[in-house]
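Hi,

Here is the model I promised to pass on.

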Amino acid sequence: MIRPDLRAWLAARSESLVAAAILLAGLWLALRGGWFFAAIGALVLLVGLSLLLGAIRRLPFRRGITAPGVVEVDEGAIRYYGAAVLGGEIALRDLVEIRLLRLKGRGHWRLRSTSGEALLVPVDAAGADALAHAFTALPGLDMGAVSTALAHVADQRDAVRTVWRRPG
């Protein structure tokens, strides 16, 4: 009943659309009249706004799956199971640097641990959108800057950008 291209567009932006609906519901509730509904509506507006902001910042992480391999984030560890290349695992507490780079026409996350090991994870591998949630746990990480870097690397041929280093 729904065209496939419209269904794909809606699926990619479903989180943002739900947050916008919550925002509109809060606005509707705030305008119902009286201080009680205005206060409840204001709270719902704040929740909707925070959800919408987070959804917009995670939107660049949602990409079509075109790279081989699977990314898994589980119990504080990032695992990449590579199909054509070796994968690996790095614990979030051991991460010291995250770089975004483009190799052979494809974007990759380069995750470096305290022991100097590096893990290359394609940005368009299956499950790579879960990295947005994992990265938010890192101290001092600016998700807005990460989203901007992700868009910048997608536009360049061979680009490297450091998006986070562990403070101290």
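Which residues of H3 are buried? They are Gly41, Gly48, Leu52, Gly54, Ala55 and Arg58, where buried means under 20% relative accessible area, exposed over 50% and partly exposed in between, using a 1.4 Å probe and protein chains only.

Before the rest, a word on the ground rules. This is a predicted model, so local features need pLDDT of at least 70 and side-chain atom pairs count only at pLDDT 80 or more, while totals for chains, interfaces and linings use all residues. Residues are numbered from 1 along each chain as its sequence is written, and side-chain values use heavy atoms, with hydrogens and water left out.

The helices (H or I, at least four residues) and strands (E, at least two) are DSSP runs, numbered from the N terminus.

Now the aromatics. Searching the whole structure gives 3 aromatic pairs. Trp35 and Phe36 make an edge-to-face pair, because their ring centres are 6.2 Å apart and their planes are at 90°. Phe36 and Phe37 are edge-to-face too, with centres 5.8 Å apart and planes at 70°. For the cut-offs, rings of Phe, Tyr and Trp (its six-membered ring) pair if their centres lie within 6.5 Å; planes under 30 degrees apart are stacked, over 60 edge-to-face, and the rest tilted. Through these ring pairs, Trp35, Phe36 and Phe37 form a cluster. Trp35 counts as exposed at 71% relative accessibility, whereas Phe36 is partly exposed at 48% and Phe37 is partly exposed at 39%.

Last, the sheet. It is open, with 3 strands in the order S1-S2-S3 and antiparallel pairing; two strands pair if DSSP finds at least two bridges between them. S1 (70-74) and S3 (88-91) are the edge strands, each pairing on one side only. Strand S2 (residues 77-81) is joined to S3 by 4 bridges, and one of the residues to look at is Ala77, whose bridge partner in S3 is Ala91.

Cheers
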